Amino acid sequence: MKKVVILLLRGANLSSIENPRQGFEEANQYLRANGRPALFDVQLAAAAPRVQLNNGLYEVQAHRLVHEIDQADLVLVPALQEPIAAHILENQSIIPWLKEQYNGGAEIASLCMGAFLLAGTGLLNHKKCVTHWKASHEFSKLFPQVNLVADKILTDEGGVYTSSGGFSASNLVLYLIEKYAGREVAVYCSKYFQIDIQRSSQSPFIIFSGMKDHGDETIKEAQDYIEQNFDERLPIDTLCERFAVGRRTFERRFKKATTNTVVEYIQKVKIEAAKKLLEQGRKTIQEAMYHVGYNDVKAFRDVFKKITGMTPVDYKLKYEKILV
């Protein structure tokens with residue numbers, strides 16, 4: 001049996017506890033139905049006997065207290081809700097236990113914004129990690145020593161796993177079921193829960209919003225200008241001249257403030273505008289391309305796919321509003 005411990009954390013999201021619990025239990029059901037023994041011993045564990053979740057909306061009883069667990073095979077850190085910083089402080093007592101479990105041989109997996117608590121243990125230092133795209137900027141500021149790969153659905157490195165946001169955490173649960181129980185069981189669970197087992201990127205779901213809590217007022221003005229004039233050509237030299245900053249200095253300050261190069265930022269603003277036009281269903285792909293300042297079909301397609309992980313045609317088919 002594999003001992004799977006799902007943590008009950010203060011401020012956690014109930015779905016990121018109940019969904020994986022159901023996933024591992026359904027895997028057990030499938031194994032039993034096919035004449036094989038159950039594989040997962042799933043336990044809900046906490047620092048206290050009962051824990052409030054979803055900011056007090058639910059209260060859940062733990063199977064075990066964490067100090068009663070000698071050694072787990074897998075520990076799941078559920079998603080935390082806002083305010084993240086406050087909930088990290090509330091759960092500080094779990095961090096030494098997580099380190100002990102990892103050092104004792106347990107694998108550790110975080111779901112969505114549970115990555116913030118996991119990163120606080122130091123176990124993610126110099127490893128790849130993903131979290132909800134909306135929290136990527138905040139995560140990078142708090143944990144610069146972690147290699148954030150914001151477009152991935154999940155990461156697996158050195159016995160530490162992380163997953164992207166929302167229901168995408170279910171893909172990590174399927175990944176772990178496949179690792180421990182095999183492909184056949186994971187495929188069954190994907191069909192039972194109707195989850196696309198092949199998803200590997202959260203790029204199509206990312207809504208770009210430029211980080212502006214950096215304190216560099218000139219760069220903020222440049223960001224605002226780019227966002228208000230995305231339909232124009234925006235040469236870097238023209239921006240430098242407009243804001244009276246030398247090119248090398250401007251590019252260095254822009255990258256430091258926004259975590260994007262100037263070119264990357266302009267591209268993301270333009271593509272975000274194009275996505276909205278395609279979603280509304282009122283413009284063709286070519287019309288959307290011209291509207292956001294592109295004239296070259298191949299260049300637009302290449303940039304669009306690089307940022308969203310999909311071609312403009314596929315994106316339009318998937319997300320456009322059907323007009324009647």
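Which strands does helix 1 (residues 15-33) lie across? Helix 1 lies across strand 1 (2-7), strand 2 and strand 6 (74-77). Helix 1 runs at about 160° to strand 2.

## Basis of the model

This is a predicted model, where local features need pLDDT of at least 70, side-chain atom pairs count only at pLDDT 80 or more, and totals for chains, interfaces and linings use all residues. Residues are numbered from 1 along each chain as its sequence is written, and side-chain values use heavy atoms, with hydrogens and water left out.

Helices (H or I, at least four residues) and strands (E, at least two) are DSSP runs, numbered from the N terminus. Axes are lines fitted to C-alpha atoms, for helices over the stretch in contact; angles run from 0 to 180 degrees between N-to-C directions. Contact means heavy atoms within 4.5 Å.

Seven strands form an open sheet with mixed pairing, in the order 5-2-1-6-7-11-10. Two strands pair if DSSP finds at least two bridges between them. Strand 5 (64-65) and strand 10 are the edge strands, each pairing on one side only.

Ala45 has Arg64 of strand 5 as its bridge partner. Helix 6 (residues 169-181) packs on the sheet and touches strand 1, strand 2, strand 6, strand 7, strand 10 and strand 11. The direction of helix 6 makes about 145° with that of strand 11.

## Around strand 11

Strand 11 (residues 160-163) sends Val160 and Thr162 one way, and Tyr161 and Ser163 the other way. All are buried (under 20% relative accessible area; exposed is over 50%, partly exposed in between, with a 1.4 Å probe and protein chains only).

Strand 7 (residues 107-110) runs parallel to strand 11 over three bridges. There, Ala109 is partnered with Tyr161. Strand 10 (residues 154-157) pairs with strand 11 in the antiparallel sense, over four bridges. Thr155 has Thr162 as its bridge partner. Strand 10 and strand 11 form a hairpin with two residues between them. Gly158, in the turn, has a positive phi of about 65°.

## Aromatic pairs

The structure holds 15 aromatic pairs. Rings of Phe, Tyr and Trp (its six-membered ring) pair if their centres lie within 6.5 Å; planes under 30 degrees apart count as stacked, over 60 as edge-to-face and the rest as tilted. Phe139 and Phe143 form a tilted pair, 5.0 Å centre to centre with 50° between the planes. Phe139 is buried at 0% relative accessible area, and Phe143 is buried at 12%.

Phe254 and Tyr265 pair edge-to-face, at 5.2 Å centre to centre and 80° between the planes. Phe254 lies in helix 10 (residues 247-258) and Tyr265 in helix 11 (residues 262-280), so the pair ties together parts that are 11 residues apart in sequence. Phe254 and Tyr265 are buried. Tyr30, Tyr188, Tyr192 and Phe193 form one aromatic cluster.

## Cysteines

A disulfide is a pair of cysteine sulfur atoms within 2.5 Å. By this rule there are zero disulfides. For Cys129, the nearest cysteine sulfur is that of Cys112, 11 Å away. Cys129 is buried, at 0% relative accessibility. Cys240 is also buried, at 6%.

## An exposed loop residue

Asn295 lies in the loop between helix 12 (285-291) and helix 13 (297-308). Asn295 counts as exposed because its relative accessible area is 61%. Leaving aside neighbours within four places in sequence, Asn295 is in contact with Met289 and Tyr290. The C-alpha atoms of Asn295 and Ser136 are separated by 31 Å, and these residues are 159 apart along the chain.
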